[in-house]
Amino acid sequence: MSTETFEFQVEARQLLQLMIHSVYSNKDVFLRELVSNASDALDKLRLAALRDDTLDADVSDLHIELEIDPDARTLTVRDNGIGMSYDEVGELIGTIANSGTAQFLKELKEAQDAAGTEGLIGQFGVGFYSGFMVADEVTLLTRRAGEHQGTRWTSRGEGTYTLERVDDAPQGTSVVLHLKPADPDNQLHDYTSEFKVREIVKRYSDFITWPIRLVGEKGEQGDEGGTGPETLNSMKALWARSRDEVSEDEYHELYKHIGHDWREPLETVQLHAEGTFEYQALLFVPSHAPHDLFQQNMRHGLQLYVKRVFIMDDCEALLPAYLRFVKGVVDAQDLSLNVSREILQQDRHIRMMQRRLTKKVLSSVKSMMTGDSEKYATFWREFGAVLKEGLVTDPDNRDALLAVASFASTHEDGEAVTLKQYVERMPDGQDDIWFVTGESREAIDNSPHMEAFRERGIEVLLLTDPVDEVWVDAVGEFEGKRLRSVAKGEIDLDARKDDRSEDEQKQQAEAYAGLLGWMRERLEDDVKEVRLSTRLTVSPACLVADANDLTPALENMYRAMGQEVPRSRRVLELNPDHALVKGLNEAYGEREDRSELTDSAELLYTLAVVAEGGRPKDPARFVRLMADRLERTL
């Protein structure tokens with residue numbers, strides 16, 4: 001058969017160089033990755049054979065084989081799983097089509113230490129390339145189950161690879177690593193050592209559900225004598241064993257295998273459901289959010305087994321989307337082996353499992369909150385924003401979600417606060433839970449809408465996640481207290497009743513009535529009303545929405561999603577105690593020709609837009625007006 005030579009894609013070449021000159025301190029992970037790939041191939045073949053009786057494939061003894069040849073200095077990882085076709089080898093091995101590769105390279109370069117880089121391989125689905133950490137040359141021989149021709153792929157990791165069609169390839173895939181010389185100083189061990197291979201398999205892959213067999217030199221068993229290859233792993237399904245039978249290290253290694261994560265999980269959640277519908281679940285809450293948590297194409301979901309038979313990865317029907325960061329395994333006893341994703345969406349047993357699993361995860365978060373504040377703080381920092389999506393999409397669990405949600409606030413201790421804690425320390429006479437939304441804590445702290453609340457010592461929740469704009473409207477109230485935005489509607493904080501009589505307030509309103517009406521006419525394209533403010537103490541003006549209007553941030557969010565939203569006009573509030581507003585009112589009363597004041601009114605409105613982080617409608621005109629006013633003051 002003819003051999004063709006191809007060049008690696010640019011990103012693949014960069015990745016290969018990183019592997020060859022590895023920044024990974026723990027090079028043992030290469031075997032974990034290759035064994036994991038082999039396990040996936042066996043899972044896929046068994047499932048394919050269950051669903052297609054006509055598939056020409058041998059499934060009588062599915063296994064993974066490790067073969068050591070010390071003389072040739074090779075280590076072979078072999079499986080008799082699903083295999084790959086010629087085109088699949090070129091697509092999956094020769095190039096890296098996965099857009100995550102660029103992100104992988106970026107994160108690898110940004111990582112500050114070896115611990116921060118270890119395990120990124122598996123997380124980004126490029127585990128095959130890890131072989132180049134320990135090998136000068138890698139040869140892959142594969143034949144897809146049901147096909148009669150195989151493919152050989154070979155590369156030294158120097159920018160090119162060869163592809164060749166072969167007729168005598170066995171079913172499955174074998175990866176032959178031509179090992180580099182051992183270099184203990186650089187953590188490059190002798191991987192022709194049976195002891196070392198056993199140690200790695202026991203540490204990382206003991207729970208793999210397929211037998212991992214060690215074949216020594218010349219195909220014979222190694223150190224322990226006897227006949228036939230030696231099975232290295234226990235193949236115990238950890239989720240089927242009671243918690244006191246399994247060590248934390250075993251749980252953590254299972255998580256690293258299914259979660260493609262090098263870090264230990266934050267929390268392990270186990271569930272055994274008995275009765276009319278039996279299943280076991282072993283779930284993990286990661287300690288760090290994945291890089292694609294908010295990307296639409298993020299693959300998420302739990303691994304689904306039926307009676308220990310692997311059915312599918314990424315079973316999204318088992319948990320709601322706002323728990324998409326949870327990893328784990330669910331093993332059901334009563335589902336069909338031939339179940340499809342479409343059927344899962346409609347299956348009442350799956351819906352029951354989803355409800356139970358959701359409540360179990362939220363209960364575990366609640367336990368973290370009450371029993372380990374540091375662990376809870378980590379959880380909320382990493383996943384709070386995505387969990388709050390459930391306040392909008394899952395009304396059945398809204399109370400449970402609110403119970404585990406916490407928010408930054410203006411309270412003097414600076415700690416995150418729950419809605420219950422906020423309500424408990426509300427002073428007499430306060431009927432509403434006040435909040436403010438914004439892009440950052442800094443923007444919120446400087447918001448004009450906060451001035452009266454800060455002066456009066458009224459606690460305000462500080463909400464900076466995009467989803468906050470949505471869930472506060474969906475929830476509406478908590479324990480009979482309305483959730484109210486400091487930037488919406490009219491507010492009455494009794495800010496001036498201590499030193500002004502009702503008559504004085506009435507006189508002030510009459511004194512400004514002419515200016516307010518005139519400004520409303522001049523700014524009618526931008527504002528629906530101009531009124532005096534009870535929320536400003538320092539700034540001259542601010543913009544507020546009516547109680548039922550969309551905020552500008554929410555309007556922009558809908559437009560970004562492709563939804564047409566009519567532009568809404570808001571209310572311009574003026575601070576009657578500010579010198580600028582006082583001067584404008586005096587000029588309005590003294591001048592019959594108010595044409596120059598029109599520019600001042602426009603400037604005052606635009607200053608209010610800028611103060612809340614907005615962009616002037618006509619930036620160039622705004623700059624000209626400001627420059628003109630500054631010039632007059634010199």
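Which residues is F325 in contact with, leaving aside its neighbours within four places in sequence? That was my opening question for this model, which is a predicted one.

**Entry 1: F325 and the cores**

I looked up F325 and found it in contact with V285, P286, L293, F379, F383, V386 and L387, once its neighbours within four places in sequence were left aside. Next I turned to the largest nonpolar core, which has 76 residues. F325, L357, F379, L387 and W471 are the ones that touch the most other members there. Helix 10, residues 348-371, gives the most to this core, with 8 residues. Apart from it I found another core, of 64 residues, with V35, L45, L177 and F207 among them.

**Entry 2: helix 17**

W471 turned up again when I went to helix 17, which covers residues 468-475. I wanted to know which residues of this helix are buried. They are D468, E469, W471, V472 and V475. I also checked what comes just after helix 17, and there G476 takes a positive phi of about 80 degrees.

H260 is not a glycine, yet it has a positive phi of about 50 degrees. I found H260 in the loop between helix 8 (248-259) and strand 10 (267-273). Its relative accessibility is 31%, so H260 counts as partly exposed.

D314 is not a glycine either, and its phi is positive at about 55 degrees. I located D314 in strand 13, residues 309-315. Is D314 buried or exposed? D314 counts as buried because its relative accessibility is 15%, and the cut-off for buried is under 20%.

So that I remember the pair: H260 sits in a loop, whereas D314 sits in a strand.

**Entry 3: S155**

My last stop was S155, in strand 5, which runs over residues 150-155. S155 has a relative accessible area of 3%, so I wrote it down as buried. What does the side chain of S155 reach at 2.9 Å? I found that it reaches the backbone nitrogen of G157. I then listed what S155 touches, not counting residues up to four places away in sequence. The list reads F8, F132, D136, E137, V138, T160 and Y161.

Terms used:
Residues numbered from 1 in each chain as written. Predicted model: local features only at pLDDT ≥ 70, side-chain atom pairs only at ≥ 80, totals over all residues. Heavy atoms only, no water. Helix = DSSP H or I, 4+ residues; strand = E, 2+ residues; numbered from the N terminus. Buried < 20%, exposed > 50% of the residue type's maximum accessible area, 1.4 Å probe, protein only. Polar contact = N/O pair within 3.5 Å; in protein donor to acceptor, adjacent residues only side chain to side chain. Contact = heavy atoms within 4.5 Å. Core = buried A, V, L, I, M, F, W, Y, C linked by side-chain atoms within 4.5 Å.
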